[in-house]
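Hi everyone, thanks for coming along.

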Amino acid sequence: MSMQEKNYWATTVNSPVASSPQLPSFVDVAVIGGGFCGLSAARTLAKRGVNVAVFEAETFGWGASSRNGGMVLTGMKLSVPTLIKRYGREAVRKMYAASLESIDCVEQIVREENIDCDFSRCGHLEVACKQAHFDGYEESAALIQREFNHELRIIPKKELRNEIGSDIYFGGMVDETSAGLNPARYVSGLALAAQRAGACLCDHTRVEKVEATSFNGAHEFRVQTSRRAISAREVILASGAYTTEATPALRKKIIPIGSYIIATEVLPDPLARELSPRNRMIYDSKHFLYYYRLTPDKRMLFGGRAAFFPETENTVRQSAEILRRGMIGVYPQLRGRKVEFVWGGTLDFTLDVIPHSGKIDGMYFAAGFAGHGVAAATWFGVKLAGLICGDPNDIPFAGITFPAAPFGLRSGHTWALPLAGAWYKILDFLN
Ligand SMILES: Cc1cc2nc3c(=O)[nH]c(=O)nc-3n(C[C@H](O)[C@H](O)[C@H](O)COP(=O)(O)OP(=O)(O)OC[C@H]3O[C@@H](n4cnc5c(N)ncnc54)[C@H](O)[C@@H]3O)c2cc1C
């Protein structure tokens, strides 16, 4: 098969989730965005008897949720020492616990809803690109053990072949709690589960504007969609990196970062086993990282090469070659193996690289999951639904100020993306 510019995961989903036939004129809660976050919120709300509709501009899961690496990871994008320095021990203890809880949350949904998405607690392996990175692992693992009673295992370079069929790294660190899944199947299962619970799902329905109004003295929102306007008592913004000017206050706080993935042809079993003997979710220690794993049908899925513009045909094609070279740098064994798929997607970063949630212009939101959104977006969706139902706000990130872009990183309606890129490259260099 020659290389196709399409999302491999999408080819494993049998049929797209059908839209509900009618657009309601009033709902208790309107959710903008049909990815993990919006659909998980809708599922929880519907199960709790709330009248909820999800508006998705494209098809359910069309955004990052169907395109990602399918790594269901512990921890957060920032390292624990950095987080503790910023937010203090107590706050980070709760954040870390939330990261573990969010994996349980995905597992529970997969089991309860019987979602056929190859969820497996296969663990993750972080590999060190520099000796200094490896030297930090010991300290990091000890800190995580002490503070969170969570065990990570250090893998010295001489034992690394038990974990990965590559000799380029300085050692690794394994977390057995992390999991892997097929994200396209998971998001489509989540949509079906939300629908079964009674949520109204509207695809190809773009929200163009949201206005706060009042009706009989009670506050509500007028949500203008590409089909027609509807009223909602509450709104959840779950539009991730794809957030548009329809909700400008959120838009200006999210940094959209492109990431690309290739998938090889199906590999023979012995080769697949050599590359990843324990079938881990693997990523390296750089900010501009490579992340990779075997798919359930034994392709090598290799991602990275963050690019600071949304994906276009050109950037996707260029990325395929760059990633193929990167992959062969890690795994010379894959030289000569065909790359059959390449695709791109956009990640939702925030300026301080942690997730945020709360209310913005009176609407609930959660965003900034970066490379941890499979678990985090699912969990935040459940939590936002809980807040609407009157649960106490125990989200550990909730009280943290959500920074907007500093002068220079944003100009007018668009991000000065090369500058944002330069910022991450600097981080990489410093580490
Ligand atoms: C290439 C790539 C690899 C990744 N790998 C991993 C990984 O291995 N592990 C991990 O945990 N995370 C990973 N991530 C991140 C993860 O996929 C995201 O954080 C997560 O999917 C975000 O989910 P979401 O529901 O918030 O947003 P999305 O899934 O992006 O959904 C947002 C949806 O909102 C819709 N939308 C936006 N505006 C409007 C509007 N005005 N009206 C209607 N609809 C609208 C969009 O069409 C989109 O479908 C990766 C991301 C990418 C791109």
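**A short tour**

Let's begin with Ser 188, which sits in helix 6, residues 183-197. Please keep in mind that what you see is a predicted model. Is Ser 188 buried or exposed? Its relative accessibility is 14%, and buried means under 20%, so Ser 188 counts as buried. Setting aside neighbours within four places in sequence, Ser 188 is in contact with Val 13 and Val 17.

Which strands does it pair with? One is strand 11, residues 229-237, which runs parallel to strand 1 and is joined to it by six bridges. If you want a landmark there, take Phe 26, whose bridge partner in strand 11 is Ser 231. Another is strand 2, residues 52-55, again parallel, with four bridges to strand 1. Here Val 31 stands opposite Val 54 of strand 2. To get from strand 1 to strand 2, the chain passes through helix 1, residues 36-47, and this β-α-β crossover is right-handed.

Next stop, strand 13, residues 281-284. Met 281 and Tyr 283 point one way from strand 13, while Ile 282 and Asp 284 point the other way, and all of them are buried. Strand 13 pairs with strand 4, residues 124-127, in the parallel sense over four bridges. Look for Glu 126, which has Tyr 283 as its bridge partner in strand 13. Strand 13 also pairs with strand 14, residues 291-294, this time in the antiparallel sense over two bridges. Tyr 283 turns up again here, standing opposite Tyr 291 in strand 14. A hairpin of six residues connects strand 13 to strand 14.

While we're in this part of the sequence, have a look at Met 300, in strand 15, residues 300-307. Met 300 has a relative accessible area of 1%, which means it is buried. What is it in contact with, leaving aside neighbours within four places in sequence? The list includes Ile 262, Leu 267, Leu 275, Tyr 292, Arg 293, Met 327 and Tyr 331.

Last, two helix pairs. Helix 4, residues 89-112, packs with helix 10, residues 373-388, at an angle of about 85°, and their axes are 8 Å apart. The two helices are therefore roughly perpendicular to each other. Among the residues making the contact are Ala 98, Cys 105 and Ile 109 of helix 4, and Ala 375, Trp 379 and Lys 383 of helix 10. By class, this contact of helix 4 with helix 10 has ten nonpolar, two polar and two charged residues.

The other pair is helix 3, residues 80-87, and helix 5, residues 131-148, with an angle of about 55° and axes 10 Å apart. That makes helix 3 oblique to helix 5. Helix 3 brings Val 80, Pro 81 and Ile 84 to the contact, and helix 5 brings Ser 140, Leu 143, Ile 144, Glu 147 and Phe 148. These divide into six nonpolar, one polar and one charged.

That's the tour, and I'm happy to go back to any of these spots.

Technical notes: Residues are numbered from 1 along each chain as its sequence is written. This is a predicted model: local features need pLDDT of at least 70, side-chain atom pairs count only at pLDDT 80 or more; totals for chains, interfaces and linings use all residues. Side-chain values use heavy atoms; hydrogens and water are left out. Two strands pair if DSSP finds at least two bridges between them. A crossover is right-handed if, with the strands pointing away from the viewer, the path from the first strand over the helix to the second runs clockwise. Axes are lines fitted to C-alpha atoms, for helices over the stretch in contact, and angles run from 0 to 180 degrees between N-to-C directions. Angles under 35 degrees count as roughly parallel, over 145 as roughly antiparallel, 65 to 115 as roughly perpendicular and the rest as oblique. Contact means heavy atoms within 4.5 Å. Ala, Val, Leu, Ile, Met, Phe, Trp, Tyr, Cys and Pro count as nonpolar, Asp, Glu, Lys and Arg as charged, and the others, Gly among them, as polar. Buried means under 20% relative accessible area, exposed over 50%, partly exposed in between (1.4 Å probe, protein chains only).
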